[in-house]
Amino acid sequence: LRDERSIVERLRRSASIPAGSAIILGIGDDCAIYRPRGSADDMLFTSDLIVEGVHFLRGSHKPADLGRKALTRSLSDIAAMGGTPRFCQMALCVPPWAGARWVDAFLDGIVQLAAATGAVLAGGDLSQGDKLVCDVTVGGTVPRGTALRRDGARPGNHIYTSGWLGGSALGLETGRGRAWKRHLKPEARLALGEFLRKELRATSAIDLSDGLSQDLNRLCLASGVGAEITEPPAFAGATREQALHGGEDYELLFTVRRHAKVPAYFRELPLTRIGSIVNHDPGSSGAEVRLNGRLLPPNGYVRFFTISGAPMP
Ligand SMILES: [Mg+2]
């Protein structure tokens, strides 16, 4: 089976953006950016898929929580660009095991979160099939030219993360307590993303969907830089490995100019400096992330191979 990265790379080469297109950022960031002529805003688009047996197991989530999570994954990508969600569309494949009550509760979960975040449900598609599959596309806006991208990190920038990492991975392992709740009910950091764009003028950002080691590596690759970090803030009870590599925390990882005044907290969320962006080492093939001086390979959550979801406690 080919991995996600090689498929994405192939697509990026074969679906190149034609000259004159209003798509100013295509495959390879949290969202694509479309720039309507004469508009004060750029438009953001992102899609995320959840698949039974890959992202969750049947019975692992209450239906409303799963609906919320399906939308949260895309909202988190809008947050990572500093954007404001405006609408969403949902394509849902309903398996025989999901009865009318289950489906209603799932849809209520999506619709309520959509209403709470301004991501008006504006359409979609329904089908029947063997497994539950749900794809959510979110469209958002950001003032023209101000989207936070992965490719803006520069040597000397400071690297920060929001929140505590590894909680979702810990919850997946234990199936109980605050960590399990963290896994079931992640939140998209939309207000933080807006703060990073407007107040801190972050130079780059990415949401931590696949684990710090993986997502920081992606940010470095996009920016053509390296990173030197120390231990990130770990969720209570999470191991060092979970904090470094665990997926689905949906915190924001971002970089700022050296003199930016980053508060210790944004609302209840700690903002912790974990390191600095450095020059890319021309001798290394990929991006280089170093933890306490030693190479940190991107061992994050690898989609296609990982079962996410534990039985309901
Ligand atoms: Mg993302």
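Me: Which span should helix α7 have at 1.5 Å a residue, and how far apart are its end C-alpha atoms?
Reply: This is a predicted model, where local features need pLDDT of at least 70, side-chain atom pairs count only at pLDDT 80 or more, and totals for chains, interfaces and linings use all residues. Residues are numbered from 1 along each chain as its sequence is written, and side-chain values use heavy atoms, leaving out hydrogens and water. Helices (H or I, at least four residues) and strands (E, at least two) are DSSP runs numbered from the N terminus, and the expected span is 1.5 Å times one less than the number of residues. Helix α7 has 12 residues (212–223), so it should span 16 Å, and its end C-alpha atoms agree at 16 Å.

Me: How many residues of α7 are buried?
Reply: Buried means under 20% relative accessible area, exposed over 50%, and partly exposed in between (1.4 Å probe, protein chains only). Among the buried residues of α7 are L212, L216 and C220. The helix is mostly covered, and the count is 9 of 12.

Me: Is L11 buried, partly exposed or exposed?
Reply: L11 sits in helix α1, residues 4–14. Its relative accessibility is 43%, so L11 counts as partly exposed.
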